Amino acid sequence: MAIKGSLKEASLPDVLQLLAMGGKTGCLSVTDRQSFGYVYLEEGRVIYASLFNRRDRLGDILVREGVVTREQVEEALVEQNQKKDGRRIGDILKDRGEIDQAVLERYVGHQVEEAVYQLFAWSQGTFYFEPAQSPEDETILVSIDTESLLLEGARRVDEWSQIQKKIPSFELIYALDPDRSLSISSLDLSAEQQKILPYLDGRHSAWEIIELTAMSDFGLGKALYGLIAAGLVRRVGRRERQAERPQIQARVREHKNLGIAFYKTGLYEEALRELERVRELDLDDLEADFCLALVELRRGKLEDAGQALMGIRKRGGSCAALFNNLALVYDGLGRRSQAMSLIDEGLARHEGHPRLVLTKSMLLLKLGNTAEAREALDRYLEKVEEPEPLYYSTRALAEAMSADIASATVTALAGLAKHPNEAALSNNAGVILERDGDLSRARSMYQRALDLNGDLPQASKNLGDLLYREGEYDDAARAYEQALRVDPQLGDDIYARLGNIYYKAGGREIAIEMWEKALQLNPANEVVRTNLEFVKGAIRE
């Protein structure tokens with residue numbers, strides 16, 4: 001089940017400790033104004049973490065630790081920009097023979113730890129944990145004991161609060177005290193302090209020292225704090241950090257990457273903010289407009305998503321994903337014939353595209369063309385090595401509609417075995433099991449779907465329907481109410497049954513309210529109309 005909240009109410013270390021104790025697997029994303037970071041966990045252990053726009057990139061860490069030279073990193077960057085083959089700096093350095101796999105893995109682990117420690121320092125913003133998520137494009141994952149990270153993080157936070165008392169800003173300029181400079185050579189300085197001594201000349205700000213030495217904020221602060229506390233260094237001035245003025249395309253890329261990351265982790269408001277900034281900088285960026293449309297689609301704003309996608313189409317957009325998502329929009333709006341036309345047009349341009357074929361099978365099933373839907377599913381299966389969860393859901397429903405409940409059950413359970421964390425698949429398995437008369441297993445499947453995703457309204461409704469038929473009206477009401485909190489337009493039948501439950505419990509006024517909402521959604525519901533007229537008449541008498 002997704003977890004979200006404010007860092008003002010729950011600190012990040014507390015949240016991470018809770019997830020670790022529960023042995024959770026998924027992605028914990030954190031946002032603080034324009035900053036964004038995420039931590040991936042597997043069974044409570046940290047396997048990856050990163051910050052957007054971080055300064056301590058892997059190349060800087062390797063330079064700082066003396067593993068490679070700055071020149072070697074710059075050559076790797078040139079190769080990365082020229083080849084554009086998706087390789088990371090660490091992989092390029094390894095392929096060039098500058099480092100080996102063991103070194104790469106060790107410093108990736110170090111980078112992950114530093115990212116977590118930086119996130120611990122954030123005291124405002126929001127967090128969001130989405131279960132069953134894993135890093136998509138990371139070839140090197142670690143396995144770090146979360147408790148050790150929490151202990152070291154707590155120590156650093158305590159130290160950082162002391163450091164800030166003497167170094168309130170990295171815009172300050174420091175210099176060696178001339179009266180003490182001669183005695184420095186006899187002192188036992190740390191390697192970090194030795195490293196920064198040449199830059200304590202009254203000309204370099206703390207920010208500039210970080211950039212010149214590739215040190216982390218904490219590393220520089222700790223080294224400088226010790227020298228100040230010993231009376232060896234004093235403040236001599238201040239220089240505001242020069243605002244970065246990157247080229248327009250670099251800024252576009254930065255906001256776009258951030259927007260896409262927010263979108264993937266379900267932080268839709270933040271995604272909209274970043275993607276709108278892309279549009280301010282480049283009105284012709286089709287990729288950003290497409291992402292904006294996807295955000296609106298995920299937020300349930302189908303009309304807005306449809307208009308945005310049609311606009312992209314008119315401007316020349318023709319990728320398979322455009323046709324697929326446009327079809328999903330029209331399907332959501334109940335315009336299935338138009339949705340099917342879009343899928344057919346997409347397949348004419350992208351013959352045999354697996355995702356389009358799968359969506360077509362789903363639409364055929366909704367239109368009642370079960371045989372054609374099954375044929376489309378067979379074609380999809382020929383084109384992929386590993387079917388996605390939607391395949392199993394659609395195949396199982398197609399078999400159930402063909403009265404082959406046994407095969408439908410086998411398919412649904414096989415899908416869950418392959419994709420155990422898919423809430424929608426668990427919900428569909430519940431529908432099929434309920435149709436087969438296995439109410440106990442159906443109920444557990446609905447509950448499992450809600451444990452995985454508490455914001456899945458159809459699972460709440462299905463659970464409520466089952467409980468209602470079993471006469472467990474209080475539990476049914478709670479399930480219905482949960483469904484309506486997510487989707488108030490879910491259907492007139494849910495309001496009708498809630499009205500019945502409230503009326504039986506003596507709540508005539510709220511029963512009337514529920515029945516009236518049912519009629520607003522479906523004025524042709526004569527049963528509800530009869531109930532409403534009867535109860536209102538009884539009240540008047």
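Leu397, Ala400, Met401, Val431, Ile432 and Arg435 line the largest cavity of this predicted model. A cavity is a set of points on a 1 Å grid over the protein atoms alone where a 1.4 Å probe fits but cannot get out, and lining residues have an atom within 4 Å of a point. Local features need pLDDT of at least 70 and side-chain atom pairs count only at pLDDT 80 or more, while totals for chains, interfaces and linings use all residues. Residues are numbered from 1 along each chain as its sequence is written, and side-chain values use heavy atoms, with hydrogens and water left out.

**Largest cavity**
- The space in the largest cavity is about 30 Å³, a volume being the space filled by probe spheres set on grid points joined across faces, edges and corners.
- Helix 18 (389-401) and helix 20 (423-435) each supply at least two residues of this lining; helices are DSSP runs (H or I, at least four residues) numbered from the N terminus.

**Helix 20**
- The end C-alpha atoms of helix 20 are 19 Å apart, which agrees with the 18 Å that its 13 residues should span at 1.5 Å a residue, the expected span being 1.5 Å times one less than the number of residues.
- Ten of the 13 residues of helix 20 are buried (under 20% relative accessible area, 1.4 Å probe, protein chains only).
- Among the buried residues are Leu425, Ile432 and Leu433.
- Buried residues of helix 20 pack against helix 18, helix 19 (405-418), helix 21 (439-452) and helix 22 (457-469), with contact meaning heavy atoms within 4.5 Å.
- Glycine 437, with a positive phi near 90°, follows helix 20.

Notes: 1 Å grid on protein atoms, 1.4 Å probe; cavity = no way out; pocket = protein on both sides within 12 Å on 5 of 7 lines; lining within 4 Å. Buried < 20%, exposed > 50% of the residue type's maximum accessible area, 1.4 Å probe, protein only.
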